[in-house]
Amino acid sequence: MSLAQLREHARGRLERLGNGVTSQVWRLGFASRFLFYMVVHSGTALRRFRLTMAEIYFAGVLSLIIILVSGLFVGMVLALQGYETLQRFGASESLGVLVALSLVRELGPVVAGLLFASRAGSAITAEIGLMKATEQISAMEMMAVDPIARVVAPRFWGGVISMPILAALFSAMGIFGGYLVGVQLIGVDAGAFWSQMQAAVDLRNDIMNGVLKSVVFGIAVTWIAVFEGYDAIPTAEGVSRATTRTVVTSSLAILALDFVLTALMFTGGKSP
Amino acid sequence: MQQSPIVEIKNVAFGYDRARPVLRDVTLAIAPGSVIGIMGQSGCGKTTLLRIIAAQFLPTKGSAQVLGEATSQLDREGLYRMRRKMGMLFQFGALFTDMSVYDNVAFPLREHTALPEDLIHDLVMLKLQAVGLRGARELMPAELSGGMARRVALARSIALDPQLILYDEPFTGLDPISFGVIVRLIRELNDSLGATSIIVTHDVQEALGVVDYVYFMAAGKIIAQGKPDEIRQSREPFVRQFVNGARDGPVPFHYPAPDYAAEFELAGA
Amino acid sequence: MNRSTIDLWVGIFVVLGVAALLFLALKVGNLATFSGGETYNVQARFVNIGGLKIRAPIKSAGVVVGRVADIRFDNESYEALVSMNLDQHYQFPRDTTAKILTSGILGEQYVGLEAGGDGVMLKNGDRVRLTQSAVVLENLISQFLFNKAAEGKDEKK
């Protein structure tokens with residue numbers, strides 16, 4: 001390639017990069033307006049609670065199995081790995097503390113959030129995207145029914161309500177799994193397990209913060225899921241791309257938000 | 001035709017993006033009570049015109065008056081008010097896949113009226129009976145054939161007894177029997193409801209048999225119009241090619257391409 | 001999926017969620033020992049507070065009786081000023097000793113109160129006069145080394 005061609009090539013790449021960035025920013029603005037509109041028009045979703053309940057069923061109840069089983073396994077692995085390291089310092093009685101704090105503060109909200117994004121988030125995106133592709137959304141508009149109020153808002157609130165419940169269940173199952181492995185399998189003292197845990201896990205600082213995190217994650221994931229579905233290109237390829245984008249963007253959002261929230265909440269107990 | 005037109009399109013131009021206008025200069029007026037056909041090749045803009053009438057899009061130039069109101073003047077409330085007097089049949093039915101046939105037809109009634117369930121039940125039965133699918137009320141859309149799905153969608157679009165019914169390619173992909181059924185239903189429903197119907201299609205022969213008036217579109221403009229008999233006897237080259245399904249005419253068979261011989265690099269080409 | 005089945009499952013789901021939260025709050029966290037009760041404030045001065053942090057527990061006879069509210073540096077006496085909130089239910093005599101102790105060998109530090117024998121009790125705003133600072137590891141080590149060196153010299157003599 002000649003120098004001129006190389007320059008053109010580079011300029012083209014830079015332009016595309018610039019366009020890409022600006023279009024993402026534009027999209028974020030669009031998504032924010034979408035969120036605002038949806039929240040303002042949530043009257044139907046909340047008045048006709050039947051609709052939202054159906055969505056809680058599809059997003060929450062149908063995710064129960066994967067959340068409970070994953071929680072159990074994560075708790076069990078935490079206990080195994082934790083014991084390995086703790087017993088080297090003679091601190092194996094703190095196993096309960098390790099398992100409980102890890103789950104309640106971090107793993108519960110984050111892993112449950114990631115699982116929720118891949119299971120329920122992608123399902124929501126695919127559903128809305130397919131409704132768009134088969135013109136069901138247009139049909140609803142033509143029948144003078146606002147599709148955002150009728151289809152999108154119930155799914156949003158269903159996800160937001162389900163997420164903290166799933167995170168709490170994940171943590172609870174994980175602690176139970178940790179108990180199974182730690183106390184029953186390995187032989188850590190049951191009394192020490194629970195009592196040290198109770199002494200170390202604070203209701204406000206740890207549990208409430210964990211719940212707060214899961215609420216924030218729920219809002220983020222469901223918002224991304226409904227937006228990507230609604231904005232999907234109404235073809236088979238468009239819907240599949242939108243579903244992928246939901247899972248990827250949600251996961252990144254969860255991890256980024258987790259960092260921000262952890263930095264805000266758990267600043268290690270203020271040192272004087 | 002002394003009544004004011006139910007749909008009046010004046011010099012409408014529209015494009016989905018600036019660069020490519022889909023409609024260039026369209027003017028038509030539709031009298032109430034008639035069945036109108038809008039025909040043309042794929043991509044000529046007829047579906048877009050239908051969407052402009054349905055106020056899904058606003059014209060970039062010119063005005064569209066539907067049911068006595070200018071679509072560009074309507075706010076959301078007004079738009080929804082107007083749409084409650086219209087029914088639209090989408091190309092493949094667009095039934096709500098998570099609801100049964102009964103719930104699909106009941107949907108507009110449940111959303112827009114406060115009628116009690118037993119009254120809604122009676123109305124749904126009436127509409128389903130009109131399209132001959134009362135026995136299919138419990139089926140899910142996935143269990144219906146294409147023709148049946150379209151009939152259910154038709155029942156749904158007339159649930160609120162609309163004054164204007166829009167059909168977007170209602171005959172696509174139907175077997176001859178379903179075809180005949182839909183064609184007859186369009187006419188019967190129009191007359192019994194006292195409504196006006198606009199059909200967008202490219203099924204010339206069958207459509208000519210049911211409509212009162214036809215508009216032909218090409219390249220975003222109306223190039224011919226008239227009663228079915230006039231159209232059948234038209235001398236206009238495009239209309240003739242369309243009606244006869246001729247291979248070549250004003251619409252060429254070959255997409256523009258460089259010289260054929262040059263393709264094979266023949267000497268002396 | 002008819003409506004009543006959905007209702008049932010959503011109900012079960014919400015109940016499970018609430019149960020999980022209760023489990024976490026009661027069995028896992030310290031809700032049972034969560035004192036939402038009244039406290040009174042007491043001050044104490046320490047030469048060195050070590051790793052004591054705000055919200056660290058204040059224990060007497062091993063039982064949590066309060067929390068550290070605030071820690072400040074007194075620029076005149078060059079000592080640490082620790083403000084403590086003690087549970088209203090527990091009264092301590094004026095000659096109580098406050099020590100900074102460590103839970104376990106490497107655990108976090110807390111304030112231990114050893115009751116004295118005075119008849120008059122501490123009131124809100126009082127100061128605990130007898131205090132013992134935290135054990136600083138470096139001082140301990142240097143003291144140990146110093147002792148060891150002294151022993152060695154003795155032996156050589």
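This is a predicted model: local features need pLDDT of at least 70, side-chain atom pairs count only at pLDDT 80 or more; totals for chains, interfaces and linings use all residues.
Chain A is built with 10 helices and zero strands. The C-alpha trace of chain A spans about 65 × 60 × 40 Å along its principal axes.

## How helix 7 of chain A packs

Helix 4 (residues 64-86) of chain A packs against helix 7 (residues 147-186) of chain A at an angle of about 45°, and the two axes are 7 Å apart. That angle is why helix 4 of chain A counts as oblique to helix 7 of chain A. The crossing of helix 4 of chain A past helix 7 of chain A is right-handed. Sorted by class, the residues in this contact between helix 4 and helix 7 of chain A are 19 nonpolar and seven polar, with no charged residues.

Helix 7 of chain A also meets helix 9 of chain A: their axes come within 8 Å and cross at roughly 145°. Here, too, the crossing of helix 7 of chain A past helix 9 of chain A is right-handed. The contact of helix 7 with helix 9 of chain A has 16 nonpolar, six polar and one charged residues.

## Where the chains meet

Which chains share the most contacts? Of the two pairs of chains in contact, it is chains A and C. On the chain A side, 29 residues are in contact with 24 residues of chain C. Helix 3 (49-59), helix 5 (95-133), helix 7, helix 8 (190-200) and helix 9 (203-231) of chain A each supply at least two residues of the side that touches chain C. Helix 7 of chain A gives the most to that side, with six residues. By class, the side of chain A that touches chain C has 20 nonpolar, five polar and four charged residues.

The contact of chain A with chain B takes nine residues from chain A and 12 residues from chain B. On the side of chain A that touches chain B, five residues are nonpolar, three are polar and one is charged. What about chain B and chain C, and how far apart are their closest C-alpha atoms? No contact joins chain B and chain C, and their closest C-alpha atoms lie 10 Å apart.

## The sheet of chain C

Chain C holds an open sheet of eight strands in the order 7-1-4-3-2-6-5-8, with mixed pairing. Its edge strands are strand 7 (127-128) and strand 8 (130-132) of chain C, each of which pairs on one side only. As background, strands of a sheet pair through backbone hydrogen bonds, either parallel or antiparallel.

Strand 1 of chain C has parallel and antiparallel pairings. Eight bridges join strand 1 (residues 39-46) of chain C to strand 4 (residues 79-87) of chain C, and these two strands run antiparallel. Within this pairing, C:V42 stands opposite C:M84, and C:F46 has C:A80 as its bridge partner. Strand 1 of chain C is also joined to strand 7 of chain C, by two bridges in a parallel run. In that pairing, C:A44 stands opposite C:V128.

## Strand 2 of chain C and its neighbours

Strand 2 (residues 57-60) of chain C is joined to strand 3 (residues 63-74) of chain C by four bridges, and the two run antiparallel. C:K59 has C:V64 in strand 3 of chain C as its bridge partner. Strand 2 and strand 3 of chain C form a hairpin with two residues between them. One feature to look for in the turn is C:A61, with a positive phi of about 55°.

Which way do strand 2 and strand 6 of chain C run, parallel or antiparallel? Two bridges join strand 2 of chain C to strand 6 (residues 109-114) of chain C, and these strands run parallel. The bridge partner of C:I58 in strand 6 of chain C is C:V111.

Key: Residues are numbered from 1 along each chain as its sequence is written. Chains are lettered from A and ligands numbered from 1 in the order in which they are written. Two residues are in contact if their C-beta atoms, placed from the backbone, lie within 7 Å. Axes are lines fitted to C-alpha atoms, for helices over the stretch in contact, and angles run from 0 to 180 degrees between N-to-C directions. Angles under 35 degrees count as roughly parallel, over 145 as roughly antiparallel, 65 to 115 as roughly perpendicular and the rest as oblique. A crossing is left-handed if the near helix is turned anticlockwise from the far one by less than a right angle, and right-handed if clockwise. Ala, Val, Leu, Ile, Met, Phe, Trp, Tyr, Cys and Pro count as nonpolar, Asp, Glu, Lys and Arg as charged, and the others, Gly among them, as polar. Two strands pair if DSSP finds at least two bridges between them.
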